[in-house]
Amino acid sequence: MITQLKEHGVVDIFRDHSKKDILFSLLALSKLQSAAAYYEDQKKNEGYNVNRKLLKRLAYYSVFANAAYGWTMEAATKGKLDRGNLKMLVRKTGIDEEHVVDAKWDSKTHRPAYFIVRDLKHKKIVLSIRGTFSARDVLTDLCASAETFETGHRGKHRAHQGMLEAAVSLAAETKDTVDQELRANPGYSLVLVGHSLGGGVAAVLGTMWERDYPNLQVYGYGSPCVSPEDARPTTCKNMIAVLGEGDPFSCLSLGHIANLSKALSKN
């Protein structure tokens, strides 16, 4: 078919170029398109006030959220074979090995993988929670009904059941360590970070611990829809979520699916 369409400018690139060269060319084109789109967005946003300190802080802690995936994620996405989670953690975050307080690289059902480090540069104890990366994590994701919980704060508290149970498990497993580190390091405060499932769990855990830790801050990256808009953790003031434009999981829940199904059934 291609040979019959030469007069229309159709070229068999697989005949003239290797598959490897074609693949790398497509990747390069994709990056150029992304860069062009970013440039256009920057032009549109000229004149807006940007909190550069906040952006810098978000970029800094995104590395900690990414490091929670361990060396296997690096191998899969970048081809780097460090073959050592601790080695990778130290290299990516710049945290000395002696300041890695605890790390659990294997998740359990309703208990995602995580690590705790001392961030001497910013005087923070950082608890980073991994996102979905195993079958056990998927089971946590699938427990998607909304559950009510209490923290001592007034107001409504509802959250994704799986993430709520994961937050409860993490609290039981890490709170003593966090308390010990904060007592041993006066002037330090707690930061919770996470990507995807980890961001949702961090939001619920931050809600549970809001009264316990002054200046607690939560940074979620690509966080899923974890609670209704009129309930905690959504209404908490100590959390910042970074979402990709058009990301459906940031606003998708069983409630949305039920409403959609009901609307479609009427047509």
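**Inside the predicted fold**

Lys 175 is partly exposed, because its relative accessible area is 23%. Lys 175 forms a salt bridge with Asp 179, and the closest N and O atoms of the two are 3.3 Å apart. Both residues belong to helix H7, where they stand four residues apart, which means that about one helical turn separates them.

Arg 118 and Glu 181 are both buried. Another salt bridge joins the side chains of Asp 102 and Lys 104, with 3.1 Å from N to O. Here the two partners can be described separately: Asp 102 is buried, because its relative accessible area of 18% falls under the 20% limit, whereas Lys 104, at 30% relative accessibility, counts as partly exposed. The count of salt bridges comes to five.

From charged side chains we can turn to nonpolar ones. The largest nonpolar core has 30 residues, and those that touch the most other members are Leu 127, Leu 190, Leu 192, Val 201, Val 204, Leu 205 and Trp 209. Two or more residues come from each of strand E2 (114–119), strand E3 (124–129), helix H7 (161–184), strand E6 (189–195) and helix H8 (197–208). Of these, H7 gives the most to the core, with eight residues. Which residues does Leu 205 contact, if its neighbours within four places in sequence are left aside? They are Leu 127, Ile 129, Ala 167, Leu 170, Ala 171 and Leu 192. Apart from this core lies another, of 21 residues, and among them are Ala 67, Ile 95, Val 100 and Val 191.

A search of the whole structure finds seven aromatic pairs. In one of them, Trp 105 and Phe 115 are tilted, at 6.1 Å centre to centre and with 35 degrees between the planes. This pair links distant parts of the chain, since Trp 105 sits in the loop between strand E1 (100–104) and E2, while Phe 115 is in strand E2, 10 residues apart. Phe 115 is buried, with a relative accessible area of 0%. The rings of Trp 209 and Tyr 213 have centres 5.3 Å apart and planes at 75 degrees, so this pair is edge-to-face. Trp 209 and Tyr 213 are both buried. Elsewhere, Tyr 60, Tyr 61, Phe 64 and Tyr 219 form one aromatic cluster.

Phe 64 leads on to the packing of two helices. Helix H3 (residues 52–67) and helix H5 (residues 85–93) pack with their axes 10 Å apart, at an angle of about 170 degrees. Because angles over 145 degrees count as roughly antiparallel, H3 and H5 are described in that way. On the H3 side the contact is made by Val 63, Phe 64, Asn 66 and Ala 67, and on the H5 side by Met 88, Leu 89, Lys 92 and Thr 93.

Conventions. Residues are numbered from 1 along each chain as its sequence is written. This is a predicted model: local features need pLDDT of at least 70, side-chain atom pairs count only at pLDDT 80 or more; totals for chains, interfaces and linings use all residues. Side-chain values use heavy atoms; hydrogens and water are left out. A nonpolar core is a set of buried Ala, Val, Leu, Ile, Met, Phe, Trp, Tyr and Cys residues joined through side-chain atoms within 4.5 Å. Buried means under 20% relative accessible area, exposed over 50%, partly exposed in between (1.4 Å probe, protein chains only). Contact means heavy atoms within 4.5 Å. A salt bridge is a side-chain nitrogen of Lys or Arg within 4 Å of a carboxyl oxygen of Asp or Glu. Rings of Phe, Tyr and Trp (its six-membered ring) pair if their centres lie within 6.5 Å; planes under 30 degrees apart count as stacked, over 60 as edge-to-face and the rest as tilted. Axes are lines fitted to C-alpha atoms, for helices over the stretch in contact, and angles run from 0 to 180 degrees between N-to-C directions. Angles under 35 degrees count as roughly parallel, over 145 as roughly antiparallel, 65 to 115 as roughly perpendicular and the rest as oblique.
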